[in-house]
Structure formats: structure tokens, C-alpha cells
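Grab your viewer and work through the exercises below, each with a solution that goes step by step. Try each task before you read on.

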Amino acid sequence: MSNPEFRPGLADVPAAESGISFIDGKRARLEYRGIAVETLAKESFFEETSWLLLKGDLPRQKELADFDAALKEERCIHFRLLDALKSLPENGHPMGALQAGTAALGMFHPMSNVLNPANNWEAVIRLIAKLPTIVAAFHRLRVGHEAIAPRQDLGHAANFYYMLFGKEPSAAVTRVLDACLILHAEHTMNASTFSARVTGSTLANPYAVISSAIGTLSGPLHGGANEEVLDMLEEIASAENAKTWLVDAVATKKKIMGFGHRVYKVKDPRATVLQDLAEKVFAETNRPYAYNIATTLESAANEILGPKGIYPNVDFYSGIVYQNLGIPKDLFTPIFAIARVVGWLSHWLEQISNNRIYRPEQVFVGKSDQHYIPLEQRT
Ligand code: SDX
């Protein structure tokens, strides 16, 4: 007998009280600490938005300067962590390297008491600063190059691009990458943030918390969708084929990657901003054919899936932007992670500030009062 309290996927079930971000799924509204994400993507930059999410208010001049300096100071990773990355299989998914590298960070920086604010802030800085270095280093190593050391004269987004490619991005590309990091930084109680809060509620160290969240984000129904969207667009192959492909996909109950959302029943506001950013990137590069397929697919989907409240989400256009910046497809989700680490850490700090370990109930649907039958009597 099912229990009316049971909600598959905990749909609509509040799992925490939080003041970090807010979504109005009907009005396509997303606010970080009360500020609309479109405004932050336009006016702010990742370091400033990170402070806002972590601390609750926009930083004053000195706070921002000190935060920026602390992040730059912590960008390097221990040479033995680099050696560990060298021993990982180059054909393995970079999310595996990021998850392993993040857990390993906790071995280099052991923490005894996570309830000590000083320890916590150090770990927050380390994780935000070092995750991009882990991603870029693994990528360089897997293609047979040496890792590129981080620079302290570049901003967070520009330095990540520099560590990946060995050259500084243009101001326009830096702007786009910065905006993408802002758009992916936080999103209320999504699966990976919930995972971070559950792990944090056991008072596990923050490196284990973030490693847990990275594993959760890697799934194709969550952060892994951005990579799947590109595969889907390649399968559709032409804009003329988009509607036929969609009709067939819906008829065979296929999930359209980059579409749908548990909370948004209209187009994800981040998808709209990402489309604007895509146009900016295309002004510098070329308009990829995948974008034509994507916009044609979106128009067809509005007709067929729109009535069910299924519209593009953040993952639908992000991959096209990254691909146009020359970023390999399997780095799309790691980029999602190096942005979302700020949201995860903000929720971790909030969780341990007023903690109770997560331990939900279940609806038991199994067998009970069974007897043990000796092996020889089991038919
Ligand atoms: C992210 O939660 C967050 O905030 C996540 C995120 C963040 O910033 O952290 O926004 C990032 O993960 C975005 C989502 C990326 N994933 C995808 O693009 C994968 C495709 N999307 C779907 O798998 C789905 O929409 C989810 C997982 C995003 C949401 O799933 P729900 O809320 O559990 O919805 P559901 O699977 O129960 O679907 C409800 C109905 C079903 O139809 P019926 O069985 O009722 O007839 O809607 C249909 C589904 O079949 N549906 C889709 C669909 N999404 C939902 N049908 C076709 N294609 C889709 N994409």
C-alpha cells in the first residue's frame, strides 16, 4: 500500500530552508540572493557573483580585492596531485578525473572540525580556485601535453581558458565565459546541490561534499545533458530533418536532451541568456550549423512539447557556445561543475550552520517474516 506522503523524486517536497537562490518556474525568474540572474550575467563577473552567493550580499571593494587575491593564491595544485592525474586513463571522462581529484584534495588538506568557520573558508577558497586547475591539467595531460600553470594576472574565467589552451582569450570570449560561469553557479535544490547538502549533513569534509556533488552532476538527466545535446543535434544532422526527428522521438517516448525541467514550465531564463551569448560568440567566430538545427528544433518543440510545459533548459544552448569557443564536448559538464561549486559550497555552509543529518523514511513494499531455507532445499 503506497503512502500518500511518498513523492517520487521528492517532487515539490521542500528539503531545506534556504536563502541562496529563488526560482519562479512559471515566470522564468531566477534570482541569486534576490538579484536577477540576467542582471548578474550582464553586469557582474564570476568572482563577484561567487561572493554574493557565499556571503549573501555584493562585496565591498576591499572584500572583493581580498577574495580575488585569495583565489589567485590558491590556484596551483600539489605536484603529487598532478602526478595522480597523470596516472588516470586519458580516455576516461574528465568528470571522473575531477571527482577523483577533488576527493584527493581532501587528503592534501585534511580537516578535523568542519564546524570551525576559519577552516571552512580556507576550504571554500581552495575548492573554487583549484577545480578549474584540475580540469585543465587533466585535459592537457590526456592530449599528451604538460599541464599549464595558472597565472595570477588573469581573472578566473580567463585563467581557466589560458590553462586549457595556453593563450589568453579575447575580451569578448572572456565576457562570454564569465557569463556562462555565472549562469551555472547556483539553482536552488537541484540533484547535485541536494547531494552536497546530504553529504554535508553528516559533517563530512567539504572535499567529500563537493566530490559527492560532482558525481551527481555527471548524470545525463542533470549536468551531463549539455554534452548529450550536441550528440542529439549531430544525429538530427540537418535543420530540415528537425521536425521529423522530433515527431519520431516523441512517438517513441525519447527524452529530448536539453528540454524539460522539474521547476521551469516555460523556457529556462538561462537558455535565453545563453542564446544571446551565442550570438556574441558567433560575431567573433562563425555561426555553427548546429545552432540552426537547435533553433529549428526549438520551434518545432514549442508546438509539440510546449503544451506539456516542456521547453529548453540551461543545457540546450550551453554546449553550442562552448563548442564554438573550441572547448571539447566532454569538458562541458566539468565547466558546469567549476561554476556550480560555488552554489554547492553556499548550500554546504548554510546546511552546517543549522544542521540536522538527512535521514528520510521509506514506504516498505518488500516481503517480511520470511524463513531461512537451507541451500539443498532451495528448488
Ligand atoms: C539540469 O533541477 C535543476 O535545477 C537542474 C538544473 C540546474 O541548474 O541544476 O537546471 C540543470 O539538470 C537541467 C536538466 C538537464 N537534463 C535534460 O535536459 C535531460 C532531459 N530532461 C528530462 O529528462 C527531464 O525534463 C528532467 C530530468 C529535466 C526533469 O524530469 P522530471 O521533472 O522528473 O519530469 P519527468 O521525467 O517526470 O517528465 C514528466 C513528463 C513525462 O511525460 P509523461 O510520462 O507524464 O507522459 O514530461 C515528459 C516525460 O516523458 N518529459 C519529456 C522531457 N522531459 C519531461 N519528454 C521528452 N523530452 C524531455 N526532455
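## Exercise 1: a covered helix

Helix α7 (residues 156-165) is mostly covered, with 9 of its 10 residues buried. Here, buried means under 20% relative accessible area, exposed means over 50%, and partly exposed is in between (1.4 Å probe, protein chains only). Helices (H or I, at least four residues) and strands (E, at least two) are DSSP runs, numbered from the N terminus.

A word on the ground rules: this is a predicted model, where local features need pLDDT of at least 70 and side-chain atom pairs count only at pLDDT 80 or more, while totals for chains, interfaces and linings use all residues. Residues are numbered from 1 along each chain as its sequence is written, and side-chain values use heavy atoms, with hydrogens and water left out.

**Task.** List the buried residues of α7 and find what they pack against.

**Solution.** 
1. The buried set is H156, A157, A158, N159, F160, Y161, Y162, M163 and L164.
2. Look for contacts, meaning heavy atoms within 4.5 Å. The buried residues of α7 pack against α2 (46-55), α6 (117-142), α8 (171-183) and α16 (332-353).
3. Step just past the helix: G166 has a positive phi of about 75°.

## Exercise 2: charged pairs

Side chains of opposite charge can pair when their charged atoms come close.

**Task.** Count the salt bridges, then look up how covered the partners are in a few of them.

**Solution.** 
1. A salt bridge needs a side-chain nitrogen of Lys or Arg within 4 Å of a carboxyl oxygen of Asp or Glu. That rule gives 22 salt bridges.
2. R270 pairs with D268, their closest N and O atoms 2.6 Å apart. Both R270 and D268 are buried.
3. D12 and R7 form a salt bridge at 3.5 Å between the closest N and O atoms. D12 is exposed at 67% relative accessibility, whereas R7 is partly exposed at 35%.
4. K254 and E235 also meet in a salt bridge, 3.2 Å from N to O. This pair links distant parts of the chain, 19 residues apart: K254 sits in the loop between α12 (242-251) and α13 (269-284), E235 in helix α11 (residues 225-236).
5. Finish with a network: E74, E122, R126 and K130 are linked by salt bridges.

## Exercise 3: a serine in a strand

**Task.** Is S21 buried or exposed, and what does its side chain make a polar contact with?

**Solution.** 
1. S21 belongs to strand β1 (residues 21-24) and is buried, at 13% relative accessible area.
2. A polar contact is a pair of N or O atoms within 3.5 Å; within protein, one must be able to donate a hydrogen and the other to accept it, and residues adjacent in sequence count only if both atoms are side-chain atoms. The S21 side chain makes one with the side chain of E186 at 2.6 Å.
3. A polar atom of the S21 side chain also lies 3.0 Å from the backbone nitrogen of T188.
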